[in-house]
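Subject: Structure for you to look at, with notes

Dear colleague,

Please find below the structure that I am handing over to you.

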Amino acid sequence: MNAVDYCEGYTDEIYTKMRDDQARTEAYRKVIEKYCEGKVVVDIGTGSLALLAIMAAKGQKKKGGKKKRLQPFDSDLKKKKAKAAKVIAMEVNKQAFVSASEVIRQNNLSEKISLYQGYSNELEWPQNEKKSDIIVHEIIGEIASCEGVYYAVEDALNRFLTDSAFGRNKVVSIPYRVQTYLTVVEFPDVEYWQSLPSKFIMPAQELKSINLWNFPFRHFLCVPPAQRLGNEGDTVANGEPLFAKWEDIAFEKPIVLCDELNDFTFEITKTEGVLSGLLTFINVFVDKENTAPELNNHPLHNNTAWPNKLILFKDKISVKKGDVVVVSAKSMLNSKQPSYQFYVQKRV
Ligand SMILES: C[S@@+](CC[C@H](N)C(=O)[O-])C[C@H]1O[C@@H](n2cnc3c(N)ncnc32)[C@H](O)[C@@H]1O
């Protein structure tokens with residue numbers, strides 16, 4: 001499936017769920033308010049609610065001004081500071097484009113936000129518009145790069161931004177940086193699938209990958225023992241699954257591409273198990289000034305509604321405590337359809 005087909009899969013229900021993911025929406029709102037005032041903003045993948053475009057375009061509520069109807073994402077309109085000079089919003093999903101035009105019209109923002117239908121890499125910058133100062137986007141997948149964010153943002157940095165957008169301490173992309181981590185896991189048992197609200201019996205295992213929430217702790221294969229933190233007498237940390245950093249993409253020009261073959265070594269800690277795939281989680285650094293990610297979906301302490309991705313291997317491998325497993329991962333991101341190859345080897 002290419003990225004455009006993938007985008008056509010978004011439904012109103014999904015856009016609403018994303019809007020209602022408080023952590024995600026509020027983190028973006030805060031940073032958009034901080035950096036978009038007075039700017040020409042390009043929103044790549046605005047979705048059916050034009051959520052980020054509207055955040056950027058709406059101004060602070062003026063005293064005595066005309067009362068506007070509040071939208072669910074406008075709960076603290078009074079505190080808003082961001083008022084972009086202009087927003088160029090792009091959306092490839094045809095249905096979402098139609099809905100977004102209507103939402104923009106209902107918000108009386110048709111002059112402030114110009115909406116274009118198409119995949120950003122294939123759209124020309126509108127001739128009558130000034131080039132942009134900053135990109136906002138949320139085209140981040142459960143493998144951070146899997147919705148084509150590298151390809152789209154790299155192109156947008158080159159073609160849509162004005163030269164003066166770049167420079168020391170300038171912010172050209174919200175979010176600023178994304179990371180993907182991975183670890184080795186078993187395929188969840190029947191008990192897990194039956195515990196889900198959707199009452200799965202169990203998915204067909206010829207799937208190549210699946211998105212899921214609340215991955216059960218018992219199926220992590222590499223959980224190094226609890227470690228004593230710092231000095232004698234300090235708290236003993238719980239043993240946590242070992243995740244290796246795989247992708248780390250900072251959206252600045254040029255984006256450093258992580259397309260080399262990376263090797264990750266895991267020592268199995270479970271007495272006996274069946275290695276079936278890799279589980280990923282992502283970190284999203286929305287604000288360039290923050291050293292810690294505002295958003296993450298680590299399976300044990302996530303703060304968003306983002307699911308985790310379970311990437312399934314074609315063949316399963318029996319493993320036992322002490323075995324060493326080497327996972328090699330290769331990413332091909334410079335196209336509309338990012339693709340990945342994984343090689344797994346058990347060292348004996
Ligand atoms: C995860 S949704 C986010 C929607 C909205 N920005 C939000 O934050 O709620 C991603 C949206 O971007 C669109 N999209 C992804 N890549 C795109 C691209 N390169 N050009 C235009 N639209 C894109 C998808 O169709 C989808 O509507």
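The second largest cavity has a volume of about 30 Å³; a cavity here is a set of points, on a 1 Å grid over the protein atoms alone, where a 1.4 Å probe fits but cannot get out, and a volume is the space filled by probe spheres set on the points, which are joined across faces, edges and corners. Before going further, please keep in mind that this is a predicted model, in which local features need pLDDT of at least 70 and side-chain atom pairs count only at pLDDT 80 or more, while totals for chains, interfaces and linings use all residues. Residues are numbered from 1 along each chain as its sequence is written, and side-chain values use heavy atoms, with hydrogens and water left out.

To return to the second largest cavity, its lining is made up of W213, N214, N297, H298, P299, N302, W306 and N308, where a lining residue has an atom within 4 Å of a point. By class, this lining has three nonpolar, five polar and no charged residues; Ala, Val, Leu, Ile, Met, Phe, Trp, Tyr, Cys and Pro count as nonpolar, Asp, Glu, Lys and Arg as charged, and the others, Gly among them, as polar.

The search of the whole structure finds two cavities of 30 Å³ or more, and the largest cavity holds about 380 Å³ of space. Its lining has 26 residues, of which G45, T46, E91, E138 and I139 are the closest to its centre. The elements that give two or more residues to this lining are α2, β1 (40-44), α4 and β2 (86-91), and α2 gives the most, with three residues; helices (H or I, at least four residues) and strands (E, at least two) are DSSP runs, numbered from the N terminus. The lining of the largest cavity divides into 14 nonpolar, six polar and six charged residues.

The largest cavity is also the space taken by the ligand, in the sense that a molecule sits in a cavity if more than half of its atoms lie within 2 Å of its grid points. In the shell around the ligand, the elements that give two or more residues are α2 (12-20) and α4 (51-57). There are 20 residues around the ligand, and Y15, R24, G45, E91 and S120 come nearest, a residue being near if one of its heavy atoms lies within 4 Å. This shell has 11 nonpolar, six polar and three charged residues.

A polar backbone atom of G45 is 2.8 Å from a nitrogen atom of the ligand, and a backbone N or O atom of S120 is 2.9 Å from a nitrogen atom of the ligand. In the side chain of E91, an N or O atom lies 2.7 Å from an oxygen atom of the ligand. The protein buries 99% of the 600 Å² that the ligand exposes when taken alone, with accessible areas coming from the Shrake-Rupley method with a 1.4 Å probe.

The largest pocket (an open set of grid points with protein on both sides within 12 Å along at least five of seven lines) contains about 1700 Å³ of space. It is lined by 42 residues, and Y6, E142, S209, N211 and K309 lie nearest its centre. β12 gives the most to the lining of this pocket, with seven residues, and the lining divides into 23 nonpolar, six polar and 13 charged residues.

Lastly, there are some backbone details. The peptide bond between I174 and P175 is cis, with omega about 5 degrees, and P175 lies in the loop between β5 (173-174) and β6 (177-185). A50 is not a glycine, yet has a positive phi of about 45 degrees.

With best wishes

Notes:
Polar contact = N/O pair within 3.5 Å; in protein donor to acceptor, adjacent residues only side chain to side chain.
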